[in-house]
Amino acid sequence: MAGALVLAGSAAASASPARVPAPRATAVPRPTAPRPSPAPPAPAAVRPLRRPVHTLKDYRRVLPGRAFPADAVALTIDDGPHPVWTPKILRLLDRYHVPALFCMIGNQVLGHEAVARSVVRDGHQIANHTWSHPTRMGRRPHTLMRRELARAQEKIYDTTGYAPTLFRSPGGDWSPALLGAAAKARMVPLDWSDDPRDWTRPGVTAITHRLLAARPGQILLCHDGGGDRSQTYAALRTVIPALRARGYRFVALDQRHP
Ligand SMILES: [Zn+2]
């Protein structure tokens with residue numbers, strides 16, 4: 001697999017990849033402000049990967065740079081923004097100074113723009129999680145793949161000033177064609193390594209138990225959108241301090257952003 005996870009261009013060649021000039025939260029468009037220019041290009045063309053990134057080790061193979069700490073884990077939160085659950089989770093993250101990657105759906109940003117902006121304002125990161133969260137994304141026509149990625153990217157950037165460089169397929173449904181579409185859009189395909197299946201609402205205990213099984217180097221998956229996420233929120237209230245107490249360090253994933 002090692003040979004497969006390679007970026008073409010300067011991002012792979014450099015230990016400090018070119019940065020996407022993500023404007024600060026203050027650059028977020030106000031009603032009177034002009035619309036921002038089109039999203040800045042992501043650094044370097046990306047050669048299609050044979051599989052998405054599952055772990056921090058995978059990520060570091062794709063984007064060379066300083067190694068993650070040995071006790072690092074990354075928290076990713078999908079399907080928002082949501083007007084109820086995203087702010088609650090943001091307050092929780094803030095309390096413990098934990099960074100997270102929010103994998104946002106474009107049509108959820110629509111109508112919840114202020115919530116999306118608060119994610120960036122709080123210092124978190126955003127990944128592209130398609131415009132409409134289609135099922136079987138890996139088997140969809142290429143034009144639909146391209147449109148789903150581009151439309152979400154435009155909405156996220158226009159709303160928050162943040163241009164995602166990571167892409168997560170709905171349900172982790174990948175195919176060579178979708179990996180190719182992500183590469184063409186200059187995004188790194190991202191999966192996860194610990195899935196508590198919180199979206200099925202298996203109960204707080206089950207979600208907590210599964211998340212507490214996390215090991216260093218893993219990418220954890222949770223949801224703030226797609227329905228009632230009270231179980232997820234309750235589990236995170238236990239899991240975040242517990243993992244911190246165990247000595248785990250939560251790290252920001254999208255290191256091409258400040
Ligand atoms: Zn999703």
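1. Helices (H or I, at least four residues) and strands (E, at least two) are DSSP runs, numbered from the N terminus. With these terms, L221 is placed in strand β6, residues 219-223. This is a predicted model, in which local features need pLDDT of at least 70 and side-chain atom pairs count only at pLDDT 80 or more, while totals for chains, interfaces and linings use all residues. Residues are numbered from 1 along each chain as its sequence is written, and side-chain values use heavy atoms, with hydrogens and water left out.

2. The chain as a whole. The chain contains nine helices and seven strands. Of its 258 residues, 51% are buried (buried means under 20% relative accessible area, exposed over 50%, and partly exposed in between, with a 1.4 Å probe and protein chains only). The chain exposes about 11400 Å², of which carbon and sulfur atoms supply 53%; accessible areas come from the Shrake-Rupley method with a 1.4 Å probe, and for residues only the protein chains shown count as cover. Contact means heavy atoms within 4.5 Å. Among contacts between residues at least 6 apart in sequence, 77% join residues at least 24 apart.

3. The surroundings of L221. Is L221 buried or exposed? L221 has a relative accessible area of 3% and is therefore buried. Leaving aside neighbours within four places in sequence, L221 is in contact with T76, D78, R168, W192, D194, D195, P196, D198 and L211.

4. Helices α3 and α5. Two packed helices are described by the angle between their axes and the distance between the axes. Axes are lines fitted to C-alpha atoms, for helices over the stretch in contact, and angles run from 0 to 180 degrees between N-to-C directions. The axes of α3 (residues 85-96) and α5 (residues 113-121) come within 10 Å and cross at roughly 15°. That angle makes α3 roughly parallel to α5 (angles under 35 degrees count as roughly parallel, over 145 as roughly antiparallel, 65 to 115 as roughly perpendicular and the rest as oblique). In this contact, T86, P87 and L90 of α3 meet V115, S118 and V119 of α5. These residues divide into four nonpolar, two polar and no charged. For these classes, Ala, Val, Leu, Ile, Met, Phe, Trp, Tyr, Cys and Pro count as nonpolar, Asp, Glu, Lys and Arg as charged, and the others, Gly among them, as polar.

5. The cover of α5. Which residues of α5 are buried? They are V115, A116, S118, V119 and V120. Their cover includes α3, β2 (101-104), α4 (106-109), β3 and α6. After α5 comes G123, whose phi is positive, near 90°.

6. Helices α3 and α9. The axes of α3 and α9 come within 11 Å and cross at roughly 10°, and the two helices are therefore roughly parallel to each other. W85, K88, I89, L92, L93 and Y96 of α3 make the contact with S230, Y233, L236, R237, I240, P241 and R244 of α9. By class, there are nine nonpolar residues, one polar and three charged.

7. Helices α8 and α9. The axes of α8 (residues 204-212) and α9 (residues 230-245) come within 8 Å and cross at roughly 35°. From α8, the contact involves V204, I207, T208, L211 and L212, and from α9 it involves Q231, T232, A234, A235, L236, T238, V239, A242 and L243. Ten of the contact residues are nonpolar, four are polar and none is charged.

8. Backbone points to check. The peptide bond from G80 to P81 is cis, with omega near 5°, and P81 lies in the loop between β1 (72-78) and α3. T130, in the loop between β3 (125-128) and α6 (142-160), has a positive phi near 75° although T130 is a residue other than glycine. T130 is buried, with a relative accessible area of 0%. H133, in the loop between β3 and α6, is likewise not a glycine and has a positive phi of about 55°. At 28% relative accessibility, H133 counts as partly exposed.
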